Amino acid sequence: MSSENRESAETAENAGSGAGRLSAERGAGRQRGESGPRRDEEAVSRFVERFAGEMTEAGMQRTASRVFAALLASDDASLTSAELSERLSISPAAVSGAVRYLTQVSMVSRERDPGSRRDRYRLHNQIWYASLTQRDSVLTRWEQALREGVESLGRDTPAGARVAETVAFFEFLQKELLSMLDRWKEHRETLYQGEASERRPEDA
């Protein structure tokens, strides 16, 4: 075999070996609940903690914020309890409590891994849209309670006038919220128009 042919054969062999290693690495990544290109895990961890901190400042429970941010940063938008525990360095009991809270507020769902007894936690599709839609029902209940308060306090009293203005504010907010959500649905379609549906991010 000529030197040129040997070099070609070695190049092909090295390429095949490299492809095999890359395939094995990707397979291992999928087993760890990862997908897609490799990322700087320290940078991802910093993002999770920063975003969790912002959510905690806004009033969400600390551990629930961290679990939510970790799921948000996962390519599949889903992780097992063991994966969450390892990534966040928290106990399985802490994961369970956080997921219970996130489930109650309709931000996360629980499912079973096929052929396994392990639970997997997944973000709801279009999580922010669903969350704001749920807030609409909360505003409706608040508005009803406040209307009763206006009658109890008396419309002509300072307290009654204050509560009546709050009712008017919630009426305005609810109307604008529904209109905004409708506009978002239309805008989202234009953002991903022409793309395959399976490539759309489902956590927006």
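## Burial of helix α3

In this predicted model, the buried residues of helix α3 are A64, S65, R66, V67, F68, A69, A70, L71 and L72. Because 9 of the 11 residues of α3 are buried, the helix is largely enclosed by the rest of the structure.

## Packing of α2 against α3

Helix α2, which spans residues 41-57, and helix α3, which spans residues 62-72, have axes that come within 8 Å and cross at roughly 135 degrees. That angle makes α2 oblique to α3, and the crossing of the two helices is right-handed.

On the α2 side, the residues that take part in the contact are F47, V48, E49, F51, A52, G53, M55 and T56, and they meet R62, S65, R66, F68, A69, A70 and L72 of α3. By residue class, this contact of α2 with α3 divides into 9 nonpolar, 3 polar and 3 charged residues.

## The largest nonpolar core

The largest nonpolar core of the model has 27 residues, and those with the most contacts inside it are V67, F68, L84 and L102. The elements that give two or more residues to this core are α2, α3, α4 (81-88), α5 (92-104) and β3 (119-123), and α3 gives the most, with 7 residues. In soluble globular proteins, nonpolar side chains tend to be buried together.

Which residues is L84 in contact with, leaving aside its neighbours within four places in sequence? The contacts of L84 are with V67, A70, L71, L79, S89, I90, V95 and Y121. Of these partners, V67 is itself named among the core residues with the most contacts, while V67, A70 and L71 also belong to the buried residues of α3.

## E171 in helix α7

E171 has its place in helix α7, which covers residues 158-191. Is E171 buried or partly exposed? Its relative accessibility is 35%, and E171 therefore counts as partly exposed.

When residues up to four places away in sequence are not counted, E171 touches E143 and R147. E171 and T140 are 31 residues apart in sequence, and their C-alpha to C-alpha distance is 8.5 Å.

## The chain as a whole

The chain has 7 helices and 3 strands, and from the N terminus on its elements run α-α-α-β-α-α-β-β-α-α. Buried residues make up 27% of the 204 residues in the chain. Among contacts in the chain with a separation of 6 or more, 54% are accounted for by residues 24 or more positions apart.

Key
Residues numbered from 1 in each chain as written. Predicted model: local features only at pLDDT ≥ 70, side-chain atom pairs only at ≥ 80, totals over all residues. Heavy atoms only, no water. Axes fitted to C-alpha atoms, helices over the stretch in contact; angles between N-to-C directions. Helix = DSSP H or I, 4+ residues; strand = E, 2+ residues; numbered from the N terminus. Parallel < 35°, antiparallel > 145°, perpendicular 65-115°, else oblique. Left-handed = near helix turned anticlockwise from the far one by under 90°. Contact = heavy atoms within 4.5 Å. Nonpolar A, V, L, I, M, F, W, Y, C, P; charged D, E, K, R; others polar. Buried < 20%, exposed > 50% of the residue type's maximum accessible area, 1.4 Å probe, protein only. Core = buried A, V, L, I, M, F, W, Y, C linked by side-chain atoms within 4.5 Å.
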